[in-house]
Amino acid sequence: MSDLNKLTLIDGNEIPAVGFGVWQSKGDALITAIQCAIESGYRLIDTAAIYGNEAEVGDAIKMAGISRENLFVTTKLWNDRHDDVENAFNESLERLKCDYVDLYLIHWPVSGQGKFVDAWNSLIKLRDSGRVKSIGVSNFSLKQIHQLESATGVIPAVNQLQIHPFNQQRELVDWQRSKGIITQAWSPLGHGNENLLSDPGIEAIAKKHLKKPAQIILRWLYENKIVPLPKSGNPTRIKENIDIFNFRLSPQERLFMDELDRGFNVGNDPESFN
Ligand code: A2P
């Protein structure tokens, strides 16, 4: 991935414009998939404590033919550790076999628990200690980001959300863009949703560009400065999902994609998820 395919975070650090998601992948199959991803040009690997695969991610990083500084590693704090961040982070670091992570996120706000501001204070300390380069959140609402800012004066560099054409969360994403907060997209392919991947309009755009529907979706996210984190265990699709830098969508095609939004949620609801 060239320098052109990076975005700059509000703290000045750079982040690759596309990443490799590893939710629901484990064992040797995951190590093989990460090796394939790195060979295909991915430089960002997105894991989380709850995925139960940080150890395999760490093994794959050790085996990668490139240095740690050339990789961008994200992991996330799980919900039951909001008041035990230092220990939770050290455990993640140990499993990852790394000295630092590039990005550490609070995985869910779990607002009923009422501890995410305390957790955010602990993330700020971790960043100040140098063991985390950038800090952010995932599945946070605009109101919850305001709460972080008013309590600490620090806004997250990233908010990772479920974003795909059927669930665009435009108001929040536009606001984040205006503040310089980078939006990352989990389940950018709608978790493989058939209706999305075989939408006739997306298929027609794909045919015109000699690309696959998934590539049209990922390109549309990239053109919106949203960092997609597609997951795949299939070498052909792993390669396909990062081969999106050699074509451009027309304004009409972008408009068509924008109009596919229907608030369709393929995961947990951030408001109620505990
Ligand atoms: P597979 O691992 O067999 O490739 P998401 O990242 O939105 O959660 O989507 C992940 C799902 O989409 C997985 O089931 C994955 O299956 C599938 N997938 C990943 N890339 C593609 C692609 N290029 N075309 C079709 N399906 C894909």
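These legends walk you through a few close-up views of a predicted model. Residues are numbered from 1 along each chain as its sequence is written, and side-chain values use heavy atoms, without hydrogens or water. Local features need pLDDT of at least 70 and side-chain atom pairs pLDDT 80 or more, while totals for chains, interfaces and linings use all residues.

**View 1. The largest nonpolar core has 73 residues.** Such a core is a set of buried Ala, Val, Leu, Ile, Met, Phe, Trp, Tyr and Cys residues joined through side-chain atoms within 4.5 Å; buried means under 20% relative accessible area (1.4 Å probe, protein chains only). Look for Ile34, Tyr104 and Trp120, which have the most contacts inside this core. A second, separate core of 12 residues includes Leu7, Leu103, Ala157 and Leu229.

**View 2. Here are the surroundings of Tyr104.** Beyond neighbours within four places in sequence, Tyr104 is in contact (heavy atoms within 4.5 Å) with residues including Lys76, Phe89, Leu123 and Gly136.

Conventions
Buried means under 20% relative accessible area, exposed over 50%, partly exposed in between (1.4 Å probe, protein chains only).
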